[in-house]
Amino acid sequence: MFDLTDRVAIITGANTGIGQAIAVGLSDAGARVALVGRSPMNETRGMLDGDSLEVTADLSSMDAIPCIVSSVLDWAGQIDILVNNAGIIRRADAIDFTEEDWDAVMDINLKNLFFLSQAVARHMLPRGRGKIVNIASLLSFQGGIRVPSYTASKSGVAGLTRLLACEWAGQGVNVNAVAPGYIATNNTVALRQDPVRNRAIRDRIPAGDWGRPEQIAGAVVFLASDAAEYVNGVVLPVDGGWLAR
Ligand code: NAP
């Protein structure tokens with residue numbers, strides 16, 4: 001049920017962190033993986049045994065979307081899985097937060113996630129099959145602090161995941177999300193380097209420590225596989241128990 005042999009998967013932001021681990025996880029499950037992002041994918045490609053494609057694309061703009069879809073279709077002839085992982089965060093007090101920091105985060109984390117999903121779904125829906133997995137956040141459920149555009153975007157990702165699931169579940173396309181807890185990546189360097197915040201976060205996690213990117217990959221493989229055929233519109237926390245506390 002978890003075998004992805006010959007499935008074609010797009011993973012955005014696959015050069016590092018959670019996206020890299022997801023690419024390795026999907027590849028290990030048998031998928032052919034298209035690694036999409038603005039930075040070179042050499043490190044990730046070196047970790048893969050299976051077939052892969054590198055697509056250079058800056059996801060801060062919608063301009064890249066047609067090229068991503070056509071490159072993958074030229075390469076593989078089909079798209080079975082889309083993992084919307086690329087994302088950024090900007091930190092400042094809400095009272096000082098700038099329009100630039102609002103727009104930059106919303107464009108990558110929410111707007112282009114939606115329009116890439118739409119472009120890929122235009123290929124999936126006529127085939128009557130496909131899996132879209134969005135990377136959400138604990139801030140899809142909670143408020144957070146000093147990250148207004150990030151919280152807005154990830155709350156939006158949860159809502160869009162449910163909306164797209166409602167529209168497309170009956171046409172064979174499953175849309176779900178994974179909400180990582182506190183995972184050790186570039187995205188969280190600032191928090192991990194702050195001794196007070198680092199200690200507070202670790203003390204609050206029932207599992208006792210930061211998560212690792214590969215711990216997110218397992219949940220994505222599940223949601224991308226036949227095992228999740230009747231799973232639609234879920235935002236699955238993978239958080240060491242953070243939300244349970
Ligand atoms: P990361 O190491 O900073 O990775 C973010 C990825 O997004 C990188 O591949 C990055 O590419 C890519 N990206 C950013 N801006 C881009 C752009 N304009 N065009 C194309 N790609 C772009 O962070 P991460 O922790 O692995 O984050 C992956 C996802 O998980 C994000 O959606 C994040 O919000 C989410 N998440 C992370 C955590 C956590 O604790 N780490 C928790 C909850 C949710 P570059 O390397 O080129 O910048």
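Helix 1 contributes the most to the lining of the largest pocket, with three residues; helices here are DSSP runs (H or I, at least four residues), numbered from the N terminus. This is a predicted model, in which local features need pLDDT of at least 70, side-chain atom pairs count only at pLDDT 80 or more, and totals for chains, interfaces and linings use all residues. Residues are numbered from 1 along each chain as its sequence is written, and side-chain values use heavy atoms, with hydrogens and water left out.

A pocket is an open set of points on a 1 Å grid over the protein atoms alone, where a 1.4 Å probe fits, with protein on both sides within 12 Å along at least five of seven lines; lining residues have an atom within 4 Å of a point. Volume is the space filled by probe spheres set on the points, which are joined across faces, edges and corners.

| Pocket | Volume |
|---|---|
| Largest pocket | about 960 Å³ |
| Second largest pocket | about 180 Å³ |

In the largest pocket, 40 residues form the lining, and Gly 87, Ile 88, Tyr 150, Thr 185 and Asn 187 are the closest to its centre. Helix 1 (17-28) and helix 5 (148-168) are the elements that give two or more residues to this lining. For the second largest pocket there are 15 lining residues, with Arg 129, Gly 130, Lys 131, Gly 172 and Asn 174 nearest its centre.

Back to helix 1: its axis and that of helix 8 (residues 213-224) come within 8 Å and cross at roughly 50°, with axes fitted to C-alpha atoms over the stretch in contact and angles running from 0 to 180 degrees between N-to-C directions.
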